[in-house]
Amino acid sequence: MENFRLSRAPISMKLLLTSLLCVIGLIYLSLLLHIWQDTEMKASMIAKAYGSMESLELADHTHKYLPYYALYLFALPAALFMLTSFSEGIKRIFAVLPFILVIIDIGAMWLIPYVHKGIFSWVLWFAGTFLALTFFLIFVLNIFDIWLRKQ
């Protein structure tokens, strides 16, 4: 695997991986739409939405969003990113950053009703924003490496 790079993949694989990344992007957009409908992406609405949740409802959200984020949205694009021509330092960042942000996001969700609504609704807002930016960056860098990287 050391010598394999997405930029040197056959066109059929590039098309497959691009299609996969685009579908994952659509999944992420549907998640963002769902979040917008629940909270309008405002910290005050996040505090209101999560502040009244009981542990059973929080556990249900965790069970739904943890695999959604960690597996569907980040594991595949991050794994593909490890096959790009980017430096090892950048790859190390994207190997762990999305998953740390997911843990912060889920943790803040749990802390809103039990510790402090105001502070942790902002933590959740920032974690979600950085998750979106991280996904976008991984998506763009993967597409760049697949199609635009010079051999």
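Which side chains meet in a salt bridge at 3.5 Å, N to O? They are those of Arg92 and Glu88. Please keep in mind that this is a predicted model. Arg92 and Glu88 lie about one helical turn from each other, because they are four residues apart in helix H4. Arg92 counts as exposed, at 56% relative accessibility, while Glu88 is partly exposed, with a relative accessible area of 48%.

The structure holds three salt bridges. Another joins Glu40 and Lys42, with the closest N and O atoms 3.1 Å apart. Here Glu40 is partly exposed at 33% relative accessibility, and Lys42 is partly exposed at 42%. Arg149 and Asp145 also form a salt bridge, with their closest N and O atoms 2.9 Å apart. Asp145 counts as buried, at 0% relative accessibility, whereas Arg149 is partly exposed at 25%.

The largest nonpolar core has 27 residues, of which Tyr28, Tyr50, Tyr69, Leu73, Phe74 and Leu131 touch the most other members. To this core H1, H2, H3, H4 and H5 each supply at least two residues. A second, separate core has six residues, among them Leu17, Leu80, Leu83 and Ile146. Setting aside residues up to four places away in sequence, Leu131 touches Tyr28, Tyr69, Phe74, Pro98, Leu101, Val102 and Asp105.

Finally, the largest pocket. Its space amounts to about 420 Å³. Of the 23 residues that line this pocket, Ile35, Thr39, Tyr69, Asp105 and Gly128 lie nearest the centre. The lining comprises 16 nonpolar, five polar and two charged residues. Helix H1 gives the most to this lining, with seven residues.

Definitions and conventions. Residues are numbered from 1 along each chain as its sequence is written. This is a predicted model: local features need pLDDT of at least 70, side-chain atom pairs count only at pLDDT 80 or more; totals for chains, interfaces and linings use all residues. Side-chain values use heavy atoms; hydrogens and water are left out. On a 1 Å grid over the protein atoms alone, a cavity is a set of points where a 1.4 Å probe fits but cannot get out, and a pocket is an open set with protein on both sides within 12 Å along at least five of seven lines; lining residues have an atom within 4 Å of a point. Grid points are joined across faces, edges and corners, and a volume is the space filled by probe spheres set on the points. Ala, Val, Leu, Ile, Met, Phe, Trp, Tyr, Cys and Pro count as nonpolar, Asp, Glu, Lys and Arg as charged, and the others, Gly among them, as polar. A nonpolar core is a set of buried Ala, Val, Leu, Ile, Met, Phe, Trp, Tyr and Cys residues joined through side-chain atoms within 4.5 Å. Buried means under 20% relative accessible area, exposed over 50%, partly exposed in between (1.4 Å probe, protein chains only). Contact means heavy atoms within 4.5 Å. A salt bridge is a side-chain nitrogen of Lys or Arg within 4 Å of a carboxyl oxygen of Asp or Glu.
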